[in-house]
Amino acid sequence: MPTFASTAPKDSFINVLNLRSSLSIWKNFCQPSENIPNELSRVSVKICRTVFTSEVVVWYMPPSWVQRNPQPRTIIEAAQLAIQVTDIGEVRHFMPHSQIPLIVHQTWSHRQIDTWPDDLRQSVEKWLQFVVEDEMAYFLWEDEGMVEFIDHFEPQAHDYYSSLPLMVEKTDYFRITVATCVGGIYGDLDTVPLKPPAQWITSQDVRPWTDLETRSVYNSMKPVRALFGIEADCLPTDHTCWRMGYPYSIQLTQWSFASARDHPLLHQYIENLAHQLQKIANHHGGLQTSAARTELQALDPLTLTGPEAVTRAAQEWLNTSAGLRWNALTGLHDGGKAKLVDDVLILPITSFSPGRGKYGNMGSKPITDPTALVHHHGQGS
């Protein structure tokens, strides 16, 4: 078993060392295996030496990212290093055709992976395989680590974050915040990447396209700075979306997405949520009052922080920046093509929601389709 760098707490080394000696999620990266290419086996020694842990976090920085920099001792230092490295602007640190850094973020309540279901461990294994192969950074943010991040990067948002009554709402908010502050690719722990993120954007995806109703042509020459996938694609005239529980005929998912730092669409989401929370605070004399907590608990998480909130922010921003007619994003009439609007790439339903059944298919193709990028098992974030 390879040794760890001496910059992390000793107790953490013992804890993770024991886990890695017994669980396949780490065996595949810390020990040679006949099932892993030789190149990945050689890199596996490096990943074990550059994964650091504290009581609340786990992260990985590619050796090439840290060779000219001091080794980060904390998750915050690692995040700052990721920002520093990607701010240099080297093409190899970004997804193709984009300014989105190759940094993966995931969240879970704890890192006791011996208690995780097998399918979660297998999902993370797949993410880590692509992380190593493409020299990406990786962050697993636990509950306490998310608080630490908020307090360091967005201290003014601490009260808003802590006021959210459900953990799912906190993780919804956090994924947007970490993408805003650091940038990168977010994937729920129960998502399986079907293709490496470094292959998610193709030259076909950024070609001009036409709104079939208004004949408006979208021909943005900007690099992609945000990427979202459709989870609901319904005709606005037949009320299918309402029968299926979607408030928008075109609704985005946030179990996986990607963004450059400081994208205005993400800021729109944060501003919308802050406005709603501040309105509740003003009405009840603060967010920690009993009346405020009761009102917050009555709100639907999907609407307050989830995919509906993401869709609303995207709709508002793209209308402002590009005059987009929202329902022009449908893939029902063009076989499901990606659409670049300004610097935001909207992927068809198959990309992040492939393999849907006959009911509620909405144009979703099998997980073997070339446009399928992520398979979501729906266990939560």
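Modeller: Contact here means heavy atoms within 4.5 Å. This is a predicted model, where local features need pLDDT of at least 70, side-chain atom pairs count only at pLDDT 80 or more, and totals for chains, interfaces and linings use all residues. Residues are numbered from 1 along each chain as its sequence is written, and side-chain values use heavy atoms, with hydrogens and water left out.

Biologist: Which residues does His93 touch, not counting residues up to four places away in sequence?

Modeller: Trp65, Val85, Thr86, Ile100, Pro101 and Leu102. His93 itself sits in the loop between α5 (75–87) and β3 (103–107). Helices (H or I, at least four residues) and strands (E, at least two) are DSSP runs, numbered from the N terminus.

Biologist: Why does His93 count as buried?

Modeller: Buried means under 20% relative accessible area, with a 1.4 Å probe and protein chains only. His93 has 3% relative accessibility, so His93 counts as buried. Its C-alpha is separated by 8.2 Å from that of Glu135, 42 residues apart along the chain.

Biologist: What makes Phe228 buried?

Modeller: Its relative accessible area is 1%, so Phe228 is buried. Phe228 lies in strand β9 (residues 226–233).

Modeller: Leu252, Thr253, Phe257, Leu265, Leu266, Val310, Leu345, Ile346, Leu347 and Phe352, not counting residues up to four places away in sequence. Phe228 and Thr253 are 25 residues apart in sequence and 7.0 Å apart in space, C-alpha to C-alpha.

Biologist: Where do α7 and α9 cross, and at what angle?

Modeller: Helix α7 (residues 143–153) and helix α9 (residues 167–181) have axes that come within 10 Å and cross at roughly 45°. That makes α7 oblique to α9. Angles under 35 degrees count as roughly parallel, over 145 as roughly antiparallel, 65 to 115 as roughly perpendicular and the rest as oblique.

Biologist: Which hand does the crossing of α7 and α9 have?

Modeller: Left-handed. The term applies if the near helix is turned anticlockwise from the far one by less than a right angle.

Biologist: Which residues of α7 meet α9?

Modeller: Asp143, Met146, Phe149, Ile150 and Phe153. Their partners in α9 include Met167, Phe174 and Cys181. By class, this contact has nine nonpolar, two polar and one charged residues.

Biologist: How do you know that the span of α11 is close to the expected one?

Modeller: The expected span is 1.5 Å times one less than the number of residues. Helix α11 (residues 264–284) has 21 residues and reaches 30 Å from its first C-alpha to its last, close to the 30 Å expected. Its buried residues include Leu265, Leu266 and Tyr269. Gly285 follows α11, with a positive phi near 75°.

Conventions: Axes are lines fitted to C-alpha atoms, for helices over the stretch in contact, and angles run from 0 to 180 degrees between N-to-C directions. Ala, Val, Leu, Ile, Met, Phe, Trp, Tyr, Cys and Pro count as nonpolar, Asp, Glu, Lys and Arg as charged, and the others, Gly among them, as polar. Buried means under 20% relative accessible area, exposed over 50%, partly exposed in between (1.4 Å probe, protein chains only).
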